Amino acid sequence: MHPPLPRGLAGVTLGKVVANTALRSPYVFLTPIAERLHTTVGHLGFLLGMAELWGLSTALIGRSLDRGRYPQWIVTGAAASAAGSAVMATLHTALGFAGGFALAAAGVAWYTTAGHAWLGREVPYERRGRSIGLFETSWAVALLVGVPIVGVLLTLGRWWTPFATLSALSLVSAGLLWRALPRRAETEPPAVPARLRPNPRVVLTLTGSFAITFASISVFAVYGSWLHDRFGLSTRVVGVLSVSIGLAELIASGATARFTDRWGKAVSVRRGSMVMAVGIVAVVASPREAAFGVAALVIVFLGFEFAFVSLLSIVSEVGVDQRGAVLGVDHSLTTVSRALSAALATTLYDAHGIGLAAAISLSAVALSALAFRLAKVG
């Protein structure tokens, strides 16, 4: 029988579904939003990409998390998401929308980092994979449930209606979490060192996390264009098929809750990385049938999500009494990894097709595996 989950996990996960929906839905509905804001998809997409760099701010909250202030930062993240969604609904310009998105992106980053630090403190390492796996289902649920609801609201009401709705829901979530979560950690936090002291194990773990994220985005950034160019699929069909990626995320997050603690965190990361590598090879070797191409992509993201969510347990432990600071740095580096990988992969795809981007993705998977092997994490 499974041990009980930490008090408040269900509420924290539901609140994160709302916040994640505010972050994921603008990309899915970029074309109609850009039209309403009288701008181009490229211009608005660029502004949103730059706005996501506010996720770098997680590096600044690590010491506060190490002092046990997880509830405050979870609630602050939900409130920032509420404020950002309100700005997106209110300021009907491309720059104003991007400004609200930046605030929402920062809120999600704070919420996520605080949630991981909280679970790292409150849940013993040997059974932490289950709790983090359940917490991380919020990303997939946002894509599978939240984003379609946003689409319905966009169709039935004014274009800003879903963002006003998300703002209200996030504000309610912040209030409920403030009442439900304890004001301080369940266990007394240790004295916080004067500054972060990274040891070789921490550096190697952060390197592995950076590399596997880089590998995933190298494929994610170009998969829509690849499906269109190789199989002649329309934008609408690509959007429908993207639901399969959301299902892969949900299955993988659920699998981590079931298997990561049983197999061991390092073994789980290694197995997920191997599945991901198989999928990348299948993408390159895929025949002309679209079904094979979609299946290959599902394998890539299934493997990545399982490896990455399993990895979060390691990151939340490797810093020991500085886990908040390490998580903050890790999430900042993940933001940089996504930005660099997307820029490189799209440039290479334009010039050389999927082959070179896939080769770089495989190399990043190998680098990640080497880093974790040298780190000797359990």
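Visitor: What share of the contacts in the protein chain between residues at least 6 apart in sequence join residues at least 24 apart?

Guide: The share is 86%, where contact means heavy atoms within 4.5 Å. The model is predicted: local features need pLDDT of at least 70 and side-chain atom pairs pLDDT 80 or more, while totals for chains, interfaces and linings use all residues. Residues are numbered from 1 along each chain as its sequence is written, and side-chain values use heavy atoms, with hydrogens and water left out.

Visitor: How do you know that the radius of gyration of the protein chain agrees with a compact globule?

Guide: The rule, applied to C-alpha atoms, is 2.2 Å times the number of residues to the power 0.38. For 378 residues a compact globule would come out near 21 Å, and the protein chain has 20 Å, so the two agree. The C-alpha trace spans about 55 × 45 × 40 Å along its principal axes.

Visitor: How many helices and strands does the protein chain have?

Guide: There are 15 helices and zero strands.

Visitor: Why is Ser64 called buried?

Guide: Buried means under 20% relative accessible area, exposed means over 50%, and partly exposed lies in between (1.4 Å probe, protein chains only). Ser64 has 13%, so Ser64 is buried. Buried residues make up 53% of the 378 residues in the protein chain.

Visitor: Where is Ser64, and what does its side chain make a polar contact with?

Guide: Ser64 is in helix α4, residues 62-66. Its side chain pairs with the side chain of Trp73 at 2.9 Å. A polar contact needs N or O atoms within 3.5 Å, and within protein one must be able to donate a hydrogen and the other to accept it; residues adjacent in sequence count only if both atoms are side-chain atoms. Leaving out residues up to four places away in sequence, Ser64 touches Arg69 and Trp73.

Visitor: Why is Thr256 called buried?

Guide: Its relative accessible area is 0%, so Thr256 is buried. Thr256 sits in helix α11, residues 235-263. A polar atom of the Thr256 side chain lies 2.5 Å from the backbone oxygen of Ser253. Beyond four places in sequence, Thr256 is in contact with several residues, among them Gly129, Arg130, Phe306 and Ser310.

Visitor: What makes Arg288 exposed?

Guide: Arg288 has a relative accessible area of 60%, therefore it is exposed. Arg288 belongs to the loop between α12 (265-285) and α13 (290-318). Not counting residues up to four places away in sequence, Arg288 touches Arg230 and Phe231.

Visitor: Why does Ala79 count as partly exposed?

Guide: Ala79 has 33% relative accessibility, so Ala79 counts as partly exposed. Ala79 is in helix α5.

Visitor: At what angle do helix α1 and helix α5 pack?

Guide: Helix α1 (residues 9-28) and helix α5 (residues 70-90) pack at about 35°, with axes 10 Å apart. Axes are lines fitted to C-alpha atoms, for helices over the stretch in contact, and angles run from 0 to 180 degrees between N-to-C directions. Val12, Ala19, Ala22 and Pro26 in α1 meet Ile74, Ser81, Ser85 and Met88 in α5. The residues of this contact are six nonpolar, two polar and no charged. Nonpolar means Ala, Val, Leu, Ile, Met, Phe, Trp, Tyr, Cys and Pro, charged means Asp, Glu, Lys and Arg, and the others, Gly among them, are polar.

Definitions and conventions. Helices (H or I, at least four residues) and strands (E, at least two) are DSSP runs, numbered from the N terminus.
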